[in-house]
Amino acid sequence: MLTANSLTLPMLLAALPRLVAGRTALRRRLRDELARLFGVDARRIVLTDTGRAALALLLRAHGVGAGDEVIVPAYTCVVVPNQIPALGATVRWLDVSAATLGFDWSRLDAAIGPATRAVIVPHNFGPACRVPDALRLRHPRVVFLDDAAHGFASQCDGQWLGTYHDGAFFSFEYSKNLSGGIGGFALLPEGLVAEEPPAELGALDQLRLLATLTGHLLAARCALAGRVWLALARRVGLIYRSSDAEVADGVAHPPRALPALSAALLLPQLAALPALLRHKQRLAEHYRAALSAVPGLTLWPGAPGAHWVRYPFALPQPVADKAALARRLSAACGLAIGVWFDDVIHPAGSFRHGYLAGSAPEGERLAATVLNLPMNVAIACDAALDARLARLAAALAAYLKETAA
Ligand SMILES: Cc1ncc(COP(=O)(O)O)c(C=O)c1O
């Protein structure tokens with residue numbers, strides 16, 4: 001599922017000369033711009049190399065540690081729970097609601113116990129939600145942290161996601177709303193203090209990041225060119241990705257500072273945010289119109305102020321091999337259909353952190369039925385898109401007919 005969401009190849013090329021400003025100045029400008037957007041003091045923005053590092057930093061700043069329990073949505077990426085055992089705390093899985101892709105508040109209320117110190121509030125695919133005030137008041141020892149990895153620039157009742165709970169973590173990874181290749185930040189609540197990670201990404205890793213990002217951007221223009229580039233990069237060891245130990249063994253990520261390249265890429269995207277968001281709203285409208293015409297699919301409404309990181313839709317029945325179906329649909333329509341999340345702990349085969357199969361039936365059903373469409377600035381909202389979507393709708397209708405038989 002290659003994508004670079006809000007970034008294009010010309011934008012990558014234009015960012016390279018900006019690197020002469022140096023990482024300290026680039027990071028300071030990015031921090032200031034983010035603070036301006038969210039209307040907060042710049043000291044509340046802590047830049048990191050990933051969203052997961054920002055989560056670890058937030059948990060630490062809140063004093064989560066040995067003996068504490070952290071509630072985690074059972075429909076998320078493995079790098080989220082990975083940060084918890086490293087603090088001596090334990091993961092407590094909680095099912096999500098298929099109706100909202102987030103938590104059901106009464107279920108959350110019931111799940112909070114004496115050992116619970118933190119709740120990771122999901123905003124899967126991007127729409128923002130808010131924990132009811134009464135629930136927060138009933139649990140004054142518990143901090144509610146927004147997993148805003150998918151939800152940069154989403155709002156809930158006119159407030160930015162990340163500003164109304166006890167802190168939030170965001171991601172700027174390739175596929176996210178703003179694409180820095182990698183990157184993330186914590187938005188701290190007022191009064192909480194945390195430092196940026198002191199370690200820098202090594203020179204070879206920075207080269208890997210550039211090579212991998214170029215491959216993603218080429219793939220968005222021409223799938224074959226992207227595939228060839230990435231195959232060559234893989235052969236010479238220039239692919240940047242999460243370590244195998246993070247995925248297979250559930251180890252915590254070693255936090256580092258946001259790379260200069262990521263900051264140089266993100267600044268112009270941030271400056272163009274209103275236009276980016278308008279474009280993505282239009283894409284979502286085209287997707288909604290096309291998919292609404294296919295009987296049996298589930299779509300999520302997305303309140304005003306919601307920005308999708310990818311546009312999700314669910315099939316009426318679990319799909320045995322979602323990846324194969326995504327390939328078939330992508331080939332039929334020419335759009336890169338995605339499979340996140342392909343398990344309650346994505347990617348499938350990841351470390352389980354004690355998850356018991358069957359304990360989150362709604363998350364499991366979503367993992368077996370949800371596919372998604374790319375929210376990519378490189379996709380024009382034109383007649384060619386509508387033709388592709390018509391082919392997607394026909395391919396979906398054919399699949400549903402086959403599987404109903
Ligand atoms: C829901 C969710 N939260 C957090 C993250 C972590 O973000 P990052 O890859 O920047 O660490 C991801 C990664 O895709 C994610 O999907």
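**Notes on the helices and loops**

1. The buried residues of H10 pack against H2, H9, strand S11 (310-314), strand S13 (370-374) and helix H13 (383-404). Contact here means heavy atoms within 4.5 Å, and buried means under 20% relative accessible area, with exposed over 50% and partly exposed in between (1.4 Å probe, protein chains only). Helices (H or I, at least four residues) and strands (E, at least two) are DSSP runs, numbered from the N terminus.

2. The model is predicted, with local features requiring pLDDT of at least 70 and side-chain atom pairs counted only at pLDDT 80 or more, while totals for chains, interfaces and linings use all residues. Residues are numbered from 1 along each chain as its sequence is written, and side-chain values use heavy atoms, leaving out hydrogens and water.

3. Helix H10 (residues 273-292) has 20 residues, which at 1.5 Å a residue should span 28 Å; its end C-alpha atoms are 28 Å apart, in agreement. The expected span is 1.5 Å times one less than the number of residues. Buried in H10 are Leu273, Leu276, Leu277, His279, Lys280, Leu283, Ala284, Tyr287, Ala290 and Leu291. They cover an arc of only 160° around the axis, so they sit on the same side of H10; the arc is taken from the directions from the helix axis to the C-beta atoms. The face turned away from this buried side carries the exposed residues Arg278, Glu285 and Ala289.

4. How do H2 and H9 cross? Their axes come within 9 Å and cross at roughly 35°, where axes are lines fitted to C-alpha atoms, for helices over the stretch in contact, and angles run from 0 to 180 degrees between N-to-C directions. The contact involves Arg23, Leu26, Arg27, Arg29, Leu30, Glu33, Leu34 and Leu37 of H2, with Ala260, Ala263, Ala264, Leu266, Leu267 and Leu270 of H9.

5. Proline 259 lies in the loop between helix H8 (244-249) and H9. At 3% relative accessibility, proline 259 is buried. Leaving aside residues up to four places away in sequence, proline 259 touches Asp49, Ile182, Leu201 and Leu209.

6. The bond from tryptophan 340 to phenylalanine 341 has omega near -25°, and phenylalanine 341 is in the loop between helix H11 (322-333) and strand S12 (345-346). The bond from histidine 346 to proline 347 has omega near -5°, and proline 347 is in the loop between S12 and helix H12 (361-369).

7. Phenylalanine 125 has phi near 70° and belongs to the loop between strand S5 (116-122) and helix H5 (133-138); its relative accessibility is 0%, so phenylalanine 125 is buried. Aspartate 157 has phi near 50° and is in the loop between strand S7 (155-156) and S8. Aspartate 157 is exposed, with a relative accessible area of 72%.
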